[in-house]
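Subject: Structure handover

Hello,

I am passing on the structure we spoke about, together with my notes. Please look through it before reading on.

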Amino acid sequence: MKPRPDRRGIPFVVAAASGTGKTTVCRHAIGRNRERGGSPIEFSVSHTTRPRRSGEVDGVDYHFVSLEEFQRLVATDAFLESALYNENHYGTSWRSIEEPLADGIDVLLEIEIQGASQVRARRGDARFLFLLPPSMAALAERLRARGTDAPEQIARRLQWANRELEAAAGFDYAVVNDDFDRCVEQVLEIIEGERSGGVEGLRRRFAPGPALEALTAAEARAR
Ligand code: 5GP
């Protein structure tokens, strides 16, 4: 059996409008933390009914399951949270986070906003980070450049992105993914701060309200 550490891990929920570069930022944050010998942090591996994209590995990127299997898991209360997003189901199993947390490992949940609000209702120990795009135009451009979605799917994602941004107001932190390196460093700074408990200044610096106002003001200027 693994030795029990003297601390429980912290669940960090990271949400963003799709196309903000959330997955890449999270991957780099985890990688840099490891290189620097920081306290361990892992992704929770979600379940999804979405078809596997090329390059994705079952059990690593997601547990790819059928709709029947997903529904069975929902019925047996296997999920901390689950959501329907873009016609596919996604869910974080209790199992994917409980074990690492008990072992003192922080867990990063990279999920969308409906799931984030379920986590808020169920886990008082979770911290909530929202990644903001530098502008809506930049977001549209990134979705197109990614080349994984058809134009009508991109239009749907952008529509949804506006609703996602509204949810950011209820998060603990907002970080703008303008300069990629700085964004990764800021995410790590927040994680470190939460680990050590010195968060007052951080919560002021990364308060979602002013960041959202800046984004709205930039949109109004661009119009
Ligand atoms: P994608 O299909 O592009 O991998 O993910 C689509 C959206 O689903 C992203 O916003 C991603 O963060 C979110 N997502 C991935 N896993 C989960 C999960 O377990 N629960 C919820 N609620 N959303 C998830």
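This is a predicted model: local features need pLDDT of at least 70, side-chain atom pairs count only at pLDDT 80 or more; totals for chains, interfaces and linings use all residues.

Two strands each give two or more residues to the shell around the ligand: strand 5, residues 79-85, and strand 6, residues 88-93. In total, 15 residues surround the ligand. The closest of these are Lys 22, Arg 50, Tyr 62, Tyr 90 and Glu 112. By class, the shell consists of six charged, five nonpolar and four polar residues.

Ser 46 places a polar side-chain atom 2.6 Å from a ligand oxygen. For Arg 53, a polar side-chain atom is 3.1 Å from an oxygen atom of the ligand. Gly 91 contributes through its backbone, with an N or O atom 3.2 Å from an oxygen atom of the ligand. As for burial, the ligand taken alone exposes 510 Å², and the protein buries 94% of that area.

Four strands make up an open sheet with mixed pairing, and their order is 4-3-6-5. At the edges are strand 4, residues 63-64, and strand 5, each of which pairs on one side only. Strand 3, residues 47-48, pairs with strand 6 in the antiparallel sense, over two bridges. Within the sheet, His 47 stands opposite Gly 91 of strand 6. Gly 91 is also the residue whose backbone atom lies 3.2 Å from a ligand oxygen.

Loop residues with positive phi

Which residues other than glycine have a positive phi? Asp 77 is one of them, with a phi of about 60 degrees. Asp 77 belongs to the loop that runs between helix 2, residues 67-75, and strand 5. Glu 87 is another non-glycine residue with a positive value, its phi being near 70 degrees.

Regards

Methods. Residues are numbered from 1 along each chain as its sequence is written. Side-chain values use heavy atoms; hydrogens and water are left out. A residue is near a molecule or strand if one of its heavy atoms lies within 4 Å of it. A polar contact is a pair of N or O atoms within 3.5 Å; within protein, one must be able to donate a hydrogen and the other to accept it, and residues adjacent in sequence count only if both atoms are side-chain atoms. Accessible areas come from the Shrake-Rupley method with a 1.4 Å probe; for residues, only the protein chains shown count as cover. Ala, Val, Leu, Ile, Met, Phe, Trp, Tyr, Cys and Pro count as nonpolar, Asp, Glu, Lys and Arg as charged, and the others, Gly among them, as polar. Two strands pair if DSSP finds at least two bridges between them.
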